[in-house]
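Here's a quick briefing to go with the model. Have the viewer open and follow along.

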Amino acid sequence: MTEKISQPKRMSSVKLGSARAAIALVLASNLSAAVPMVLWPDRYTGGFEVAGTPGLVLVRSIGLLFLMWVVPYVPAILHPQRYRICLMVILAQQCIGLLGESLMAVVLPAGHPALWATGTRYIIFDTAGLFLLGAAWYLSRPSSGATHF
């Protein structure tokens, strides 16, 4: 006798579209930060209190890290339920970023207004991203009794 394996029900088109839109908004925000930092790092060195060639390399490297960060967004946007593990990775990345940035803000000594402003922007950005990605995760959850992440 064969046992039928429970499959998750297909997502409604509204839930699928909403989950994709939430993930795409965070992806677009990440790319809007990453691409300019890679192409025009000189515009961002002041916000990190760095200068010269080392500052340009540092800012460009941060932009490249953002580009690396967004790789799992592509399959998650294609089908948030099928590639739910990618969505979970993205959520973990977002949590790590938000916690790390918050910790850096807490221990930042006085006298660094540019770093404080940059850190605050990242905290706001990552908080909004976490809520959007959390919504996408919730919308893409399996609706059957099957256990999936």
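Let's start with Ile 62: once its neighbours within four places in sequence are left aside, this residue is in contact with Met 37, Phe 48 and Tyr 122. Keep in mind that this is a predicted model. Two of those partners, Phe 48 and Tyr 122, turn up again in a cluster of ring pairs that also takes in Phe 66.

**Around Ile 62**

- Ile 62 sits in helix α2, and it's buried, because its relative accessible area is 17% and the cut-off for buried is under 20%.

**Aromatic rings**

- How many aromatic pairs does a search of the whole structure find? The count comes to 2.
- In one of them, the ring centres of Phe 48 and Tyr 122 are 6.3 Å apart and the planes make 40°, so this pair counts as tilted.
- That pair links distant parts of the chain, 74 residues apart: Phe 48 is in the loop between α1 (13-39) and α2 (52-69), while Tyr 122 is in helix α5 (residues 113-139).
- Phe 48 and Tyr 122 are both buried.
- Phe 66 pairs with Tyr 122 too, with ring centres 5.9 Å apart and planes at 55°, so that pair is also tilted.
- Since Phe 66 belongs to helix α2 and Tyr 122 to helix α5, the pair ties together parts 56 residues apart in sequence.
- Phe 66 is buried, and so is Tyr 122.
- Put together, the ring pairs make a cluster of Phe 48, Phe 66 and Tyr 122.

**Arginines over rings**

- Arg 43 lies over the face of Trp 40, at 4.7 Å from the ring centre.
- Arg 141 does likewise with Tyr 138, lying over the ring face at 3.8 Å from its centre.

**How α1 and α5 pack**

- Two packed helices are described by the angle between their axes and the distance between the axes.
- For α1 and α5, the axes come within 8 Å and cross at roughly 155°.
- Angles over 145 degrees count as roughly antiparallel, and α1 and α5 are therefore roughly antiparallel to each other.
- Left-handed or right-handed? The crossing of α1 and α5 is left-handed.
- On the α1 side, the residues that meet α5 include Ala 19, Ala 22, Ile 23, Val 26 and Met 37.
- On the α5 side, the residues that meet α1 include Tyr 122, Phe 125, Gly 129, Leu 133 and Ala 136.

**Gln 94**

- Gln 94 is found in helix α4 (residues 84-107).
- Is this residue buried or exposed? Gln 94 is buried, with a relative accessible area of 1%.
- Beyond its neighbours within four places in sequence, Gln 94 is in contact with Val 26, Trp 69, Tyr 73, Phe 125, Asp 126, Gly 129, Leu 130 and Leu 133.
- Val 26, Phe 125, Gly 129 and Leu 133 from that list also belong to the residues where α1 and α5 meet.

**Backbone at Glu 49**

- Most residues other than glycine have a negative phi.
- Glu 49 isn't a glycine, yet its phi is positive, at about 55°.
- Glu 49 counts as partly exposed, because its relative accessibility is 37%.

Terms used. Residues are numbered from 1 along each chain as its sequence is written. This is a predicted model: local features need pLDDT of at least 70, side-chain atom pairs count only at pLDDT 80 or more; totals for chains, interfaces and linings use all residues. Side-chain values use heavy atoms; hydrogens and water are left out. Rings of Phe, Tyr and Trp (its six-membered ring) pair if their centres lie within 6.5 Å; planes under 30 degrees apart count as stacked, over 60 as edge-to-face and the rest as tilted. Helices (H or I, at least four residues) and strands (E, at least two) are DSSP runs, numbered from the N terminus. Buried means under 20% relative accessible area, exposed over 50%, partly exposed in between (1.4 Å probe, protein chains only). A charge sits over a ring if NZ of Lys or CZ of Arg is within 6 Å of the ring centre and within 35 degrees of the ring normal. Axes are lines fitted to C-alpha atoms, for helices over the stretch in contact, and angles run from 0 to 180 degrees between N-to-C directions. Angles under 35 degrees count as roughly parallel, over 145 as roughly antiparallel, 65 to 115 as roughly perpendicular and the rest as oblique. A crossing is left-handed if the near helix is turned anticlockwise from the far one by less than a right angle, and right-handed if clockwise. Contact means heavy atoms within 4.5 Å.
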